[in-house]
Amino acid sequence: MAVVKKPDSMSLVSLAPGQRARVEAICCGHGFRMRLAALGIIPGTLITVLRNAGAGPVIVEARGGRLALGRGQAARIEVQPISSEGEGG
Amino acid sequence: MEREAKAPPKVIRVALAGNPNVGKSTIFNILTGLHQHVGNWPGKTVERKEGACRLEGYLLQCMDLPGTYSLTAHSAEEIVARDYVLRERPDVVVVILDASNIERNCYLLVQMLELTDRVVVGLNMMDLAGVKGYRIFPEKLEQAVGVPVVPMVARKAQGCQALLKAIIEVGTGQRTTSPRPIHYGAAEPTLARLKEMLEGEQLEGLPAHWIALKMLEGDEEVERLEERALARETRERIHALLRQHEHGPAVVADARYAWIEEVLAEGMERPARSVITFTDRIDHVVTHRFLGLPILLGIFVCVFWLTFKVSAPLSHLMDAGFARLSAWTAGAFASYPSWFVSLLSDGVIPGVGGVLSFLPIILILFLFLGLLEDSGYMARAAFVTDRIMHAMGLHGKAFLCLLVAYGCNVPGIMATRILENERDRLLAILINPLIPCAARIAVAAFFVGAFFPSPQSTLVMGSLYALSLLMVVFVGFVLRRVVLPGEEAPFMMELPLYRAPNARNLAVYTGWRLVAFLKKAATVILAASVLIWVLSSFPAGADLPDTYLGRLGFLLQPVGRLMGFDWRMSVALLTGFAAKETSLATLAVLYHAEGESLVQTLHQSMTPLVALVFVVVQLLYIPCLATVAVMRSETNSWKWPLVAMAYSLLLAGGLGLLIFQVGRALGLG
Ligand SMILES: Nc1nc2c(ncn2[C@@H]2O[C@H](COP(=O)(O)OP(=O)(O)OP(=O)(O)O)[C@@H](O)[C@H]2O)c(=O)[nH]1
Ligand SMILES: [Mg+2]
C-alpha cells in the first residue's frame, strides 16, 4: 500500500526530544501496525518525543503512556510536527 | 435416605485479564492466597495460573491470564488469553486497568467487551493516577462503560472486597451488564454483510459478530478457523468482500480509540499538558545518551560487589560451622555403626552443609534483583542496552532474560517468552546458560575467597563476570550468524512508572527462590551427597583412589590433567551437572579431612592457578540438569539443549586449557 507523503511529514526519528507531532501513517506490515495500535499509536495519535539520541532506540509518550521503540521501528512511523503553541488536543 | 449434606458451593469461574504489569498477579494473590511472582516489568506471568477462593457459599475459581496489550493472534500470550475466554467461557472476566495509564489500557477492555459482556473492571493503581494529574470518577466511568467499575489499590489490598462483590453479582446474573456499544463507522456495512454470510454456519461455538470483526482485522487464527469451518464458496465470497476493505484494521482500531475517548471524557478529567512526574526526572538521568550505560554498569557492579561483600563472611562462618558439626557428629555417634557415622559426617553434613553455606549469596542477590525489578528500573535497562544487544541480533528485552539468569537460568529461560519472535527466543535461550547463575557464582566466590586475598579477590570476581559477558556476546554473535540468521525483531516496550519497591513483594519474591533452593538442597543435593559418599566408600576398605568414584575420576583424568585438575576436581565437575552447587558438595566429601574446613584442605591441594582454571571451567562448562530440562520444554526439542551442552563444553574446555597452559608457561602454576 503506497503511502502518500504529505508535504511536511517526516519520520519520527527526525524529531528532537520534546517535540510534539501527529502520526500520519505507519509503514510496512500488518502485524507491526496492529501491535502499535495496541500500544496506543495509530494514525491521528498525538505523540511527544522524550528521548532521541540520534542513534539507538527512542522513547515517545502517547496517550499518557511511555514507550521505548527500536530505531528501525520508529523510522517507519510518519509524523507531522505540531508547533508547541497552537495545538488543539 | 435423605442426604443432609450442605448444598455444594456454587462455582463461579473468573478470568483475570489486563495489560502486562497492571497488578493482575497482585490481585490474584490476594484473592487466592497463592504467591505468584510479582514485579515491575511487563510480561512476567507467562503461563496461566489457577487458584480458588471461597466466599459466602460461592467458590470462585480464578485464572490469572498472562498480560496482553490486545487480543490479536500475534503472540502466544495473546492466544492463551483469548482462547481461554472464547473456549472455556468463564462466568466473569475481570479486566484490570492501570488507572495511571488508563487510556492505553482501555484498548484491551474494548476488545474484551467485543468478546463478552460479562465483564467487571478492576481499576487498579488508583494511588498513582494522581501523580499523572488524573481525576478519575469511578461511578461516572461505570455509567459510561456499562459494566461495574471497582477502584482499587491492590498493593494495599484496597478494593478487593468490592471487586469480589461485583464478581459474584455479575457471575450469578444478579446484575446484568450493558456495555456501551462500539460503532465501527465506515466498517459497519461490511460487518453487517459478513455477519449475514456467517449466518447458520458452525463456528466452533464462537460468536459470529466477533468472527466478522476479526476477519476485517485480518486475524490469522480466524482465517485458519474459516478454513476448517466454512465451505470454499462462502470463503471466496468473504474474501472478495474483504478485498474491497483494505483499511479494515485501521478503521477498527480507530473506532476502538474513539470509544475510549468518549468514555474517558465522561469518566475523568486530565490536565491539558502532561505533568512532569518523578519518573520523568529519574528517566532524564538514567536513559541519558551518555550517562545511561555507565549508570547501568555502576548499579550492577554495586549489586554484585555488595552481594559478595555481605555474604562472604556469612558463608565462611556457615562453612566453618558445618565442619565443626561434622567433627562433633563423628564423636557423638561413636556408638553407632561406623558406616552410618561416616555417611553422616563424611557424606551428608559436608555435602549439604557446603551447599547451604550459599544461602546468604542467593538470598542477597535475589533481594537486589527483586528490588531493581519492583522499582521499574529493569525496563530502562532494556532501553539502555538495546544498542549493545543489537550486536548479537537481539534487542533490549532480551537483556532482561539475561539479567534474571544471574539469579537462576531456569526463570531466565522461561522469561524469554516475552520475546515475540521465535528466532530471538531461541537465541536468548541458547546463550542464557553462559550467564553465571547464583549457584555458580557462589562456587566461584568460595574458591576465589579461599585463594585470593581481599582486594585481589574483588578483581578476580569482576573479571569472571566480565569474561562471562564477553562469552555471551561472542557466542551470541556467532550463533546469530551461523545457526540462526534472520531478520531482526522489532523492539517495542512500555516503560512503567517508577514505584517504591514493596516489602511484601520483595519478601515473596525472595522467599520463593529461597524455598526452591532449600528444596533442591533437601532432595537433589542430599541424594547426590549420599551417592557420592557411597561411590567414594566402596568397595569397602579401599583407599579413596581405588573406590568406584576414584576409578571414574581416573577415567576423566586424560582430559582433566590438561587443565591441571586432579581426579577429584574432574569428578566434582561431573556431579555438578546435577546442580552446580553439587560440585562443591562433591569436593567437600572428597577432600574431607577431620576437623578441617574445606578452605583449609583445598589450600593444601591445589595452586591458585588451578583453582582459577577450575572456577572458569565450572562457570561455563555445561547447563545444569534443570536448565537442560527447561530448555527442552521451552524449545520442544532435544536439539537445542544438546547444541547448548556441546558448545559450552567446547568453550569451557578451550578456555580452561588456554588459561592453564598460558599460566604455567608464565610460571604461575
Ligand atoms: N502503586 C501501586 N502499585 C501496585 C498496585 N498494584 C500492583 N502494584 C505493583 O505493580 C507491579 C506489577 O504487579 P503484578 O501483579 O506483577 O502485575 P501483573 O499484571 O501480574 O504483571 P504481568 O504478570 O507482567 O502481566 C508490582 O510492582 C506491584 O507491587 C497498586 O495498586 N498501586
Ligand atoms: Mg502477573
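Reader: Which residues does F447(B) touch, not counting residues up to four places away in sequence?

Author: Happy to start there. This is a predicted model, where local features need pLDDT of at least 70, side-chain atom pairs count only at pLDDT 80 or more, and totals for chains, interfaces and linings use all residues. Residues are numbered from 1 along each chain as its sequence is written, chains are lettered from A and ligands numbered from 1 in the order in which they are written, and side-chain values use heavy atoms, with hydrogens and water left out. With contact meaning heavy atoms within 4.5 Å, F447(B) touches L584(B), L587(B), L602(B), M606(B), A611(B), F614(B) and V615(B).

Reader: Is helix 15 of chain B oblique or parallel to helix 20 of chain B?

Author: Axes are lines fitted to C-alpha atoms, for helices over the stretch in contact, with angles from 0 to 180 degrees between N-to-C directions. The axes of helix 15 (residues 359–375) of chain B and helix 20 of chain B come within 9 Å and cross at roughly 130°. Angles under 35 degrees count as roughly parallel, over 145 as roughly antiparallel, 65 to 115 as roughly perpendicular and the rest as oblique, so helix 15 of chain B is, relative to helix 20 of chain B, oblique.

Reader: How many residues of helix 25 of chain B are buried?

Author: Among the buried residues of this helix are L584(B) and L587(B), and both also touch F447(B). Helix 25 (residues 581–590) of chain B is largely enclosed by the rest of the structure, because its buried residues number ten of ten.

Reader: What is the strand order of the open sheet in chain B?

Author: Two strands pair if DSSP finds at least two bridges between them. Strand 2 (49–55) and strand 7 (149–151) of chain B are the edges, each pairing on one side only, and seven bridges join strand 2 to the antiparallel strand 3 (residues 58–64) of chain B. The six strands show mixed pairing, in the order 2-3-1-4-5-7.

Notes: Helix = DSSP H or I, 4+ residues; strand = E, 2+ residues; numbered from the N terminus. Buried < 20%, exposed > 50% of the residue type's maximum accessible area, 1.4 Å probe, protein only.
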